[in-house]
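Let us take a walk through this structure together, one part at a time. Have the sequence and the 3D view ready as you read.

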Amino acid sequence: MDNENEFTGADILLKALKDQEVDTIFGYPGGAVLPIYDAIFGQNFLKHVLVRQEAGAVHAAEGYARSSGKVGVLLVTSGPGVTNVVTGLTDALMDSIPIVCISGQVPSHLIGTDAFQECDTTGITRPCTKHNYLVKDVSKLSETIHEAFKIASSGRPGPVLIDIPKDVQFAKSKYIPKKDIIFREHRIKAGSKKVDKNFVQELVNHIKKSERPIFYVGGGCLNSGPQASQELIKLVNKTNIPITTTLHGLGCFPGEDKSSLGMLGMHGNYEANLAMNKCDLMINVGARFDDRVTGRLDAFSPDSVKFHIDIDQSSINKNVKVDFHTNTDITMTLKEINSFIESNNIELEKKDYTNWWGLINDWRKKECLHYEQGEDIIKPQHAISRLYDLTTQKDTFITTEVGQHQMWAAQYYKFSKPNRWITSGGLGTMGFGMPAAVGAQMANPNSLVIDIAGEASFLMNIQEIATAVQYKLPIKIFILNNEYMGMVRQWQELLHGSRYSESYVDALPDFKKLAESFNAVGVRAKNISELDDAINEMVSIDRPVIADIWVDKKENCFPMIPSGAAHHEMLLSKYDKENPENQEKGKVLV
Amino acid sequence: MSSTSVYPTPINAFKQSKRSVLSIIVDNEPGILARIVGLFSGRGYNIEALNVTVVDIKNNLSRITIETLGEEKVISQIIAQLEKLVPVHSATNLANLSESYEAEICLVKIEFDNNEQDQKILNFADIYRSRTVQKRQNIVVYEISGTSERINKFLDDLNTIGGIKVELVRSGPIGLGI
């Protein structure tokens, strides 16, 4: 008997997506999701973006989520469809990006029979998702989807996967709207709702006492929402405390501001790393003491009292022991710190840390990001600097691939707002940037979206150019082409006696012709005199553009803290020699 | 410790890292055990013993008890990681409670050849107050319960008897805080 209050699993999924205000979904069809694709065919609230490989869908969903602050959604079929997204799910887990992945599964009665395109999806994705589900009963589907969105976006965000067998997509049940779902608190893990007043008081007391304080800000500040960034700016302006950000923290605080020391870590600024090393008070706002940031742990910021604000309890005392911590939302906590200072009329302005800023300004004089641009060959650093100068007046989003170009982008492109910088940090996924740009452009159709790429990374997901062309997404691929896997080559030069084993990318395509064959536009700059024109042309064309920028093949990314070295043991140029003892120890590290 | 022990104790490991018994309350749902076991193997933690059973049918809750080895810092990290898992209600290190009780159960089957061995076995069984489950002509099955340490000692003592064959099963420790 047909009941008009009952819907198929596929329809329930679409109703739930509508309820969750999802308007864009990235996906690729296949046998086990055909009922869902049939439901997509008959509706118009949801825009489906057909990618060319599932890896593209998951990175696009990440780019969409990072650039919009919303949950990114993707839809893939069983078996190879879902195994292709494993890298992207892991990427989203490492970088705390809220995405929901819907995967089809073979019909329930075939599960366990090694059916065509069957795989143990929940088993394979268990360690690379925040949570996952296999929905065997259609009556549980509504609740599961709503819980998945809640989990993906609460606390420390992350990827959630829902595996739906084909028979469940056909089976019928009632739809339960989001407003009728009562979430169980222990499953959502949203962190404490109350600010820890003791923490706030201790922090303000320490700020008053300290001589050399520093803010160390990470991606958690981004995930707490744009308000967190506003509170942070207010607090930094009020206290005159220098601030350094991690790779993911870029944009949480204006990069051009005088209080900003830029990025810290392995390829961070000299002044940022030295300040971390010499500070007496470290205020960690949503960063996780990653090995790329801390360098050698036993020499990490030896003299500081450490405060840590992080919604994720497992990030506290994991790599570095801290003196005070709070497991609360950053916006809420920073707001409380600001109002505590205001309401108690605490005079911090008088404490302008003159000596501390004097030290920092001396370190700044090293000009660690200095490079020599000659008259012919383009220096990659210069290419990014010009890209920044020529696009900074526009509403710009930057994505990147992974490698030297990514670090140069982090160093030379300055961000003044959060959510404008979309990069693969924790997992370091080559091939991330171009599909992420597709996602970012879908979320921000009127903005300029540029993928700063290396030629090797770009080749990893090059098929997604077709997606950009199909949906008329005018993304720009800005390739720093040095014909090498640059970062691999750099490590081989520094640690393996310049034996460039397999890091030269031979037989590269002609990127200009390649763009044309995809019905995109190709531009090229072979030397310095062509650079500005190429950038201006790229930006002015309202279509997908691949800009092939030929850069110095042997340029290395500095400053650099080699693996196994400490913050104060930075190499500033190729003329700096590494301590040989560190070099041997560092070789075995990543 | 004799190399013929059926229950060799990794003395060095014990010295460097503390033994902890973790008590975890979870939603009884498919995959929860795999999540927890995967967390341990994926992050390189040890599982010395593991026990899981439904303890609250009405609320659909299971209690998982895991014995693990690690420095205090590692144990705290394990607890924090466990508490991040969606179906986990709570994870407690029993050692951190002011009062907690532990028990384990062991079934041990002993095959012997002669009367002298039988007498020695009987003697140890009596000292440790183990319960006879079954006794045949040259085979005996005991049930012994108590702390894991007590069971270890019983098994060590049994192993001082030469020429017997021992087969056993242990539940792993379970514990409860007060």
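Which residues have the most contacts inside the largest nonpolar core? They are A:Leu74, A:Ile99, A:Val100 and A:Ile549, in a core of 185 residues. A nonpolar core here is a set of buried Ala, Val, Leu, Ile, Met, Phe, Trp, Tyr and Cys residues joined through C-beta atoms within 7 Å. A residue counts as buried if 20 or more other C-beta atoms lie within 10 Å of its own, as exposed if 12 or fewer do, and as partly exposed in between, with C-beta atoms placed from the backbone. Setting aside neighbours within four places in sequence, A:Leu74 is in contact with A:Ile25, A:Phe26, A:Gly27, A:Ala57, A:Val58, A:Ala61, A:Ile99 and A:Cys101; contact means that the C-beta atoms of two residues, placed from the backbone, lie within 7 Å. Another core, of 14 residues, lies apart from the largest one, and B:Val108, B:Val140, B:Tyr142 and B:Leu155 are among its members. In soluble globular proteins, nonpolar side chains tend to be buried together.

Before going on, a word about the model. It is predicted: local features need pLDDT of at least 70, side-chain atom pairs count only at pLDDT 80 or more, and totals for chains, interfaces and linings use all residues. Residues are numbered from 1 along each chain as its sequence is written, while chains are lettered from A and ligands numbered from 1 in the order in which they are written. The predictor gives the complex an ipTM of 0.92 and a pTM of 0.94. For chain B, the mean pLDDT (the predictor's confidence in each residue, from 0 to 100) is 91, and 91% of the residues reach 70 or more. Residues 1–5 of chain B stay under 50, and the model has six contacts for them beyond four places in sequence. Residues 7–15 of chain B are also below 50, with eight contacts beyond near neighbours in sequence.

Now look at chain B as a whole. Its C-alpha trace spans about 55 × 40 × 30 Å along the principal axes, and 25% of its 178 residues count as buried. There are five helices and nine strands in chain B; these are DSSP runs numbered from the N terminus, with helices (H or I) of at least four residues and strands (E) of at least two.

Chain B is assigned domain 1 (11–96) and domain 2 (101–177), with bounds from an automatic or database domain assignment. Taken over C-alpha atoms, the centres of these two domains are 28 Å apart. Where they touch, domain 1 of chain B brings nine residues and domain 2 of chain B brings seven residues. On the domain 1 side, strands E1 (18–27), E2 (49–56) and E3 (61–70) of chain B each supply at least two residues, and E2(B) gives the most, with three residues.

Further along chain B, you can find strand E6 (residues 131–135), where the count of buried residues among its five residues is zero. Through three residues, a hairpin leads from E6(B) to E7(B). E7(B) covers residues 139–146, and four bridges join the two antiparallel strands; strands pair if DSSP finds at least two bridges between them.

Finally, turn to where the chains meet: twelve residues of chain A and 15 residues of chain B make the contact. The chain A side divides into two nonpolar, six polar and four charged residues. In this count, Ala, Val, Leu, Ile, Met, Phe, Trp, Tyr, Cys and Pro are nonpolar, Asp, Glu, Lys and Arg are charged, and the others, Gly among them, are polar.
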